[in-house]
Amino acid sequence: MKNITVTVLIDTLIDITLLAFLAITAIAIIYMRNLFVIIMLFGIFSLHTAGLFVVMDAADVAFTEAAIGAGISTVLMLGTLALTKNHEEKNPPHRARLPLLVVLITGGALIYGTYDIPSFGDPQSPSQQHVKPRYIERSVEETGVANTVTAVLASYRGYDTLGELTVIFTAGIGVMLLIGGRLTRRKKQADEQ
Amino acid sequence: MIDIIVGHYNYWVVIFLMMAGFYTVIDRGNLIKKIAGLSIFQTSVFLLYISIGYVSDGTTPIIAEGFTRYSNPLPHVLILTAIVVGVSTTALGLALIVRINEAYGTIEEDEIHEQDKSL
């Protein structure tokens, strides 16, 4: 019994530390002006998030976040930086009051809303009582997969994954339409000159 | 008091991150920075969902002998989908930035407005 309390304590400490890192990184991203630094900080932010997902027992999500959030997103942003050749946020941030006010009011309202949420990690909270027990008890016999996340993703909610593919496909077409013709356009311009 | 702080610390930091991303999107003029802010906002929503699915003293939902308490797999599935969708929207946004840069020669919001004489 004593061991369990120690594990929970260590989990909580790691959780608190990583969340503090995340907050510091977010503040740094707001204050930094160099776009390269901002993108690198964003990569660090995603990696910290992946670590937090491991602490919160979401291994599959942690893999995806580390590979896609920290990896692909960062590479895409770096690619954009290389294409736009714009490395510094130019204008000094104007001290507008309205955005800060909007953010403070929204944040205050959201924090007020958290008082009704069950405590972090509470086994009695409603989110733990609904569909979850059925997935845990029956998924192995119904799908034959030990990993419940895989079972739900590919079997119970397979249509969600299909919808996700549609979104990726649409986004891919969009990106191709927007910048696919870059090289040919460039060549044409060069020929005309 | 300690119970309330430990039990809600996650949600408070998530809200702080959400607002940090939101502030970057509405206050800063550089388009790449706006996309970074948007991504921070997205990531904070992921954290919120995973926090709700967490059970203290539980384990990853992979069924095995000797474990009875698992975290909720449903938010994990939803967030797996959301991460991939998030990246595709980010990619689309970045492609738009590249295109805007080609057309206007700048990715600063107010310079674009100036060229358009829209402000």
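## Salt bridges in the model

A salt bridge here is a side-chain nitrogen of Lys or Arg within 4 Å of a carboxyl oxygen of Asp or Glu. With that in hand, let's look at this predicted model: a search of the whole structure turns up seven salt bridges over all chains. Side chains of opposite charge can pair when their charged atoms come close.

## A network in chain A

Salt bridges link A:Arg134, A:Arg138, A:Glu141 and A:Glu142 in a network. Within this group, A:Glu142 pairs with A:Arg134, where the closest N and O atoms are 2.9 Å apart. A:Glu142 also forms a salt bridge with A:Arg138, and there the closest N and O atoms are 3.2 Å apart.

A:Arg138 and A:Glu142 are four residues apart in helix H6 (residues 132–143) of chain A, so about one helical turn separates them. As for solvent, A:Arg134 is partly exposed at a relative accessible area of 39%, A:Glu142 is partly exposed at 35%, and A:Arg138 counts as partly exposed at 34%.

## A pair in chain B

Over in chain B, B:Arg99 forms a salt bridge with B:Glu102, with 3.2 Å between the closest N and O atoms. Both residues, B:Arg99 and B:Glu102, sit in helix H3 (residues 73–104) of chain B, three residues apart, or about one turn of the helix.

Note on methods
Residues numbered from 1 in each chain as written. Chains lettered and ligands numbered in written order. Predicted model: local features only at pLDDT ≥ 70, side-chain atom pairs only at ≥ 80, totals over all residues. Heavy atoms only, no water. Buried < 20%, exposed > 50% of the residue type's maximum accessible area, 1.4 Å probe, protein only. Helix = DSSP H or I, 4+ residues; strand = E, 2+ residues; numbered from the N terminus.
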